[in-house]
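Me: Please take a close look at one part of this model with me, starting with how its secondary structure elements pack. After that, I'd be glad to see how that part sits beside the rest.

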Amino acid sequence: MKIAFATEGSEGLDAVISQRFGRARFFTIVEVNEVGNVINVKVIENPGFYAERGAGVRAVQRLIEEGVNVVVAGDFGPNALAVLRSSGIRPVRVSGVAVREALTKALQA
Amino acid sequence: MVFEVVVASGKGGVGKSTIASSLAVIMGKELSNLVVIDADVDAPNLHLMLNVREWVDELVIRSARVAKVNADKCVGCGLCENACTNRAIKLVSGKCVINKYLCEGCGACVLVCPKKAIELYEVISGIVKVGLTEFGFPLITASLPPGRANTGKIVTEERNLARERFKGFTIVTDAAAGIGCQVIASLVGADLALLVAEPTPTSFNDLKRIHRLTKHFGIPSVLAINKYDLDQYMTDKILKFAEEEGIGVLALIPYDSNIPLSMARPTPFIIQYPESKATGGLIKLCTEILKILRNWDSWRREHRVKPIPYIPKVIKP
């Protein structure tokens, strides 16, 4: 299962989760196996960071391309949320902690 | 402690900037660490109302991209014109020309061009500026190059700059009218929404819309009804709505003909007219906001907003 965390930094598991989804700088994508162990960590740029408008939608598009199942951020704008709902990616609200700590909460969701 | 109050309304012209500028002046006297953000970048006016004395910093935002055709390589096939969803490309004298004001930088034309004659290049979306007002606190605003519009990107940069450059400061943000991209960008992560309404059906309608947005983000809202005595019936309707939704009404400000007069000078209303009809209501509003700020932790706990639950609907292809 792939979980994407909206982060402002690219430190991977130690990066702090961003308050915003659509305009976060990076997505830290953590792949876990059935037992919950981390198999892979990848950091990609969020195209929504550069977008003038429609940032949330572009961000979701990128995550769909990456085959993400769950996305974690502090807040999701209404447009982004609508697209997330139809895409089947599960949004989870957490912010202010590092990816490592939020991973457990995301796995429970 | 970082605390951000965003002044929003949905409807334009109800008094956001008038209230925000007077609020800023009063709060600026009580707090040593205030920063004000003008998030209405299409038509900013706080730099005038708060009389910016000098500009101390600027940040050029170059995130937007626009496509341009290399005329030497273009063979005038017109595939790009077909691909463009904004109708920004036209065939002129056998060459494709892109209107940079219509182009959104999606890159579709770059992909379809068989001669690879089109490239995306960065344009300046806007310049975020930091100025020092005559009241001693800084103002963050932005100016736009002709043809570009205010965007969520610019507002986000303004708010990020406020947090980075003025760590720990209290922030008052004057949002734009409406509930679009730039207003959404103003609200994300804000602590308190000060909603402003006037007693008209249009303002009431827009109030409901902006409140739906603050509920979406789980941001507690408080309300000020401006020009309330112009229509008691509408004011009562709005008050009833506020009660049903749990929105605290902080002040009812009467219509004051000195307010439009005060706009002739670059000074906030309460400075020019310290004893006019609306002054009392404005001061009460500011006092209430400061009370909330000083008791933030307990006030926030009492007024927790239950965000609209995220129930993902999965559509399997």
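Reply: Happy to! Axes here are lines fitted to C-alpha atoms, for helices over the stretch in contact, and angles run from 0 to 180 degrees between N-to-C directions. The model is predicted, so local features need pLDDT of at least 70 and side-chain atom pairs count only at pLDDT 80 or more, while totals for chains, interfaces and linings use all residues. Residues are numbered from 1 along each chain as its sequence is written, and chains are lettered from A and ligands numbered from 1 in the order in which they are written.

Let's begin with a helix pair in chain A. Helix α1 (residues 55-66) of chain A and α2(A) have axes that come within 8 Å and cross at roughly 25° (helices are DSSP runs of H or I, at least four residues, and strands are runs of E, at least two, numbered from the N terminus). α1(A) and α2(A) are therefore roughly parallel to each other, the term for angles under 35 degrees. The crossing of α1(A) with α2(A) is right-handed, meaning that the near helix is turned clockwise from the far one by less than a right angle.

From α1(A), the residues G56(A), V57(A), A59(A), V60(A) and I64(A) meet N79(A), A80(A), V83(A), L84(A) and S87(A) of α2(A) (contact requires C-beta atoms, placed from the backbone, within 7 Å). By class, seven residues of this contact are nonpolar, three are polar and none is charged (Ala, Val, Leu, Ile, Met, Phe, Trp, Tyr, Cys and Pro are nonpolar, Asp, Glu, Lys and Arg charged, and the others, Gly among them, polar).

V83(A) lies in helix α2 of chain A and counts as buried because it has 20 C-beta neighbours inside 10 Å (20 or more is buried, 12 or fewer exposed, and in between partly exposed). Setting aside residues up to four places away in sequence, V83(A) touches V57(A) and V60(A). G56(A) is 27 residues from V83(A) along the chain, yet their C-alpha atoms are separated by 8.6 Å.

In all, 19 residues of chain A are in contact with 18 residues of chain B. On the chain A side, α2 (78-87) and β5 (90-93) each supply at least two residues, and α2(A) gives the largest share, five residues. That side of chain A has seven nonpolar, five polar and seven charged residues.

Helix α7 (residues 201-216) of chain B packs with helix α8 (residues 232-245) of chain B at about 15°, their axes 10 Å apart. α7(B) and α8(B) are therefore roughly parallel to each other, and their crossing is right-handed. P201(B), F204(B), L207(B) and H211(B) of α7(B) meet M234(B), K237(B), I238(B) and E245(B) of α8(B). That contact holds five nonpolar, one polar and two charged residues.

Finally, the cores. In the largest nonpolar core, of 76 residues, A24(B), V36(B), L187(B), L194(B) and A224(B) touch the most other members (a core joins buried Ala, Val, Leu, Ile, Met, Phe, Trp, Tyr and Cys residues through C-beta atoms within 7 Å). Apart from it lies another core, of 33 residues, and V60(A) is among its members, as are F26(A), F76(A) and V99(A). V60(A) takes us back to our helix pair, as one of the α1(A) residues that meet α2(A).

Conventions
Angles under 35 degrees count as roughly parallel, over 145 as roughly antiparallel, 65 to 115 as roughly perpendicular and the rest as oblique. Two residues are in contact if their C-beta atoms, placed from the backbone, lie within 7 Å.
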